[in-house]
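Dear colleague,

Here is the structure for your files. My notes on its salt bridges and pockets follow below.

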Amino acid sequence: MTTYLVVGAVVGELRYVPEGIPVVVTGVGKTAAAVATARALGERDTSDLVVLNVGTTGALRDGMAGVYSPSRVINHDINADAVRALGIDPREVLEVEGGDGTVLASGDVFVTDPVIRARLAERADLVDMEAYGVVYACREYGVPVRVVKHVSDSADEGALEWPALVDTSAKVLGEWVTAYVS
C-alpha cells in the first residue's frame, strides 16, 4: 500500500493538506529543503513511500496559471559549466517521473527582477526555491517524488505580494493532494 509524505517550504502552503497525511515543512531554499527532506526520509520506512512536493511557483512565461507537475527541475544558480570544466558532474538537471512536460528552475533567489526572469525563461517555465533540493534528496534515498506547483505570481515585482497570495494556492494544492491520494 502506497503511503505519502507531503513536503512544502512553509506552513501556509500546506495549510489545506488533509489530516492524517504526514507533512514536512522544510523552510525556504534548496539547502533547507534537501536537509529537511533527507531527515524525514531517514526517519521512516520508505519502501512504499511517495513524496509529494507541493508549493507555490512563479510563472516565467506570460499567461501561465494553475497547477503544474514539472518533468524536470533545474538548479539554476549553480555555475554548472565551470563545475563541469573541473571534470565534475554538477547534476544541475533532474528528471521527475510523471510530469506534464514543464520545466521548473529552483534556486536560492526570490525572483522579482525582469532581467533574471527573462534569463530563466530561456531554460524553464516556472521558478521556485525548493523543488530541486526535495527531488535531489528523494533521488539519493531512492524514493519516488512528484512535484506539484501552483502559480502564485509572475516572478516579477508582483511576486512581493506572495504573502497575500499563498492561501489561494494552498487551497488549490490541498484539493490536488486530496484527489491524488484518494
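Which strand gives the most to the lining of the largest pocket? S3 does, with 3 residues.

The basis first. This is a predicted model, in which local features need pLDDT of at least 70 and side-chain atom pairs count only at pLDDT 80 or more, while totals for chains, interfaces and linings use all residues. Residues are numbered from 1 along each chain as its sequence is written, and side-chain values use heavy atoms, with hydrogens and water left out.

Pockets

The largest pocket holds about 270 Å³ of space. A pocket here is an open set of points on a 1 Å grid over the protein atoms alone, where a 1.4 Å probe fits and protein lies on both sides within 12 Å along at least five of seven lines; lining residues have an atom within 4 Å of a point. Grid points are joined across faces, edges and corners, and the volume is the space filled by probe spheres set on the points. Of the 19 lining residues, Thr-56, Phe-110, Asp-128, Met-129 and Trp-162 are the closest to the centre of the largest pocket. At least two lining residues come from each of S3, S8 and strand S9 (145-153). Strands are DSSP runs of E with at least two residues, helices are runs of H or I with at least four, and both are numbered from the N terminus. By class, the lining of the largest pocket divides into 11 nonpolar, 4 polar and 4 charged residues. Nonpolar covers Ala, Val, Leu, Ile, Met, Phe, Trp, Tyr, Cys and Pro, charged covers Asp, Glu, Lys and Arg, and the others, Gly among them, are polar.

The second largest pocket has a volume of about 190 Å³. It is lined by 13 residues, of which Val-96, Glu-97, Pro-144, Val-145 and Arg-146 are the closest to its centre. Helix H5 (131-141) and S9 each supply at least two residues of this lining, and H5 gives the most, with 3. The lining of the second largest pocket has 8 nonpolar, 1 polar and 4 charged residues.

Salt bridges

There are 11 salt bridges in the structure, each a side-chain nitrogen of Lys or Arg within 4 Å of a carboxyl oxygen of Asp or Glu.

One of them pairs Lys-30 with Asp-77, with the closest N and O atoms 2.4 Å apart. Lys-30 belongs to helix H2 (residues 30-42) and Asp-77 to the loop between strand S5 (72-75) and helix H3 (80-85), so the bridge ties together parts 47 residues apart in sequence. Lys-30 is buried at 10% relative accessible area, whereas Asp-77 is partly exposed at 33%. Buried means under 20%, exposed over 50%, and partly exposed in between, with a 1.4 Å probe and protein chains only.

Asp-125 and Arg-61 form another, at 2.7 Å between the closest N and O atoms. This pair also links distant parts of the chain, 64 residues apart: Asp-125 is in the loop between helix H4 (114-121) and strand S8 (126-128), and Arg-61 in the loop between strand S3 (49-59) and strand S4 (67-68). Asp-125 is buried, at 14%, and Arg-61 partly exposed, at 34%.

Arg-84 and Asp-81 meet at 3.4 Å, N to O. Both lie in helix H3, 3 residues apart, about one turn of the helix. Arg-84 is partly exposed, at 38%, and Asp-81 exposed, at 59%.

Regards
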